[in-house]
Amino acid sequence: METNKIKLVAHGDYRGQLIALEENKNIPFDIKRVYYMYDTVAGVIRGKHAHKSLQQILICVHGSCTVKLDDGRETAEIRLDKPDEGLYVSNVVWREMYDFSPDAVLMVLASELYDESDYIRDYGEFLEYIRE
Ligand code: T46
């Protein structure tokens, strides 16, 4: 499946790097929420759900991890290991995150506030939702 990695421009100088994330500029939606995961235990798979409406950008700001996306027809595996790369994940895409390095910090920018009713946590229901 087609995936959308966004290159984030770093404002580097002799002091180091700085990246700015701005809604509807380099982030293609209003940013309503930011969360991040760290200290992820070796071997675990996070995610395993889809969203009805939520759009997100995933940025591994430190370390690395792998994201698997599944639109119900095709899958793609994307390695995130650069703080200047964001992975756009649209709604109605099944996602799994795994192979976190011990130092990984995965930051997520989300287009909506947290809403459990937006989650589809059963893969069979996800396929059914797409068919409808
Ligand atoms: C997603 C992937 C990439 C909150 O209270 N507020 C929040 O904003 C979030 C995201 C989670 N939570 C609570 C709900 C659970 O008790 O934090 C706990 C862990 O959440 P969850 O098991 O959903 O985490 P992941 O890593 O499986 O999935 C998360 C997001 O939930 C999801 O939207 O797309 O990261």
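H62 sits in strand β4, which covers residues 56–62; strands here are DSSP runs of E with at least two residues, numbered from the N terminus. The model is predicted, so local features need pLDDT of at least 70 and side-chain atom pairs count only at pLDDT 80 or more, while totals for chains, interfaces and linings use all residues. Residues are numbered from 1 along each chain as its sequence is written, and side-chain values use heavy atoms, with hydrogens and water left out.

How open is H62? With a relative accessible area of 45%, H62 counts as partly exposed, a label for values between buried (under 20%) and exposed (over 50%), using a 1.4 Å probe and protein chains only. Setting aside neighbours within four places in sequence, H62 touches D103, A104 and V105, where contact means heavy atoms within 4.5 Å. A polar atom of the H62 side chain lies 3.0 Å from the backbone oxygen of D103. As for L80, 18 residues away along the chain, its C-alpha atom is 9.5 Å from that of H62.

Now for the sheet. Its 5 strands run in the order β1-β7-β4-β9-β2, forming an open sheet with antiparallel pairing; two strands pair if DSSP finds at least two bridges between them. At the edges stand β1 (4–7) and β2 (33–37), each with a single partner strand, so one side of each has no neighbour in the sheet. On average, neighbouring strands of this sheet are turned by 25° against each other, direction ignored, with axes as lines fitted to C-alpha atoms. β2 pairs with β9 (residues 105–110) in the antiparallel sense over 5 bridges, and M37 stands opposite L106 in β9.

Conventions
Helices (H or I, at least four residues) and strands (E, at least two) are DSSP runs, numbered from the N terminus. A polar contact is a pair of N or O atoms within 3.5 Å; within protein, one must be able to donate a hydrogen and the other to accept it, and residues adjacent in sequence count only if both atoms are side-chain atoms. Axes are lines fitted to C-alpha atoms, for helices over the stretch in contact, and angles run from 0 to 180 degrees between N-to-C directions.
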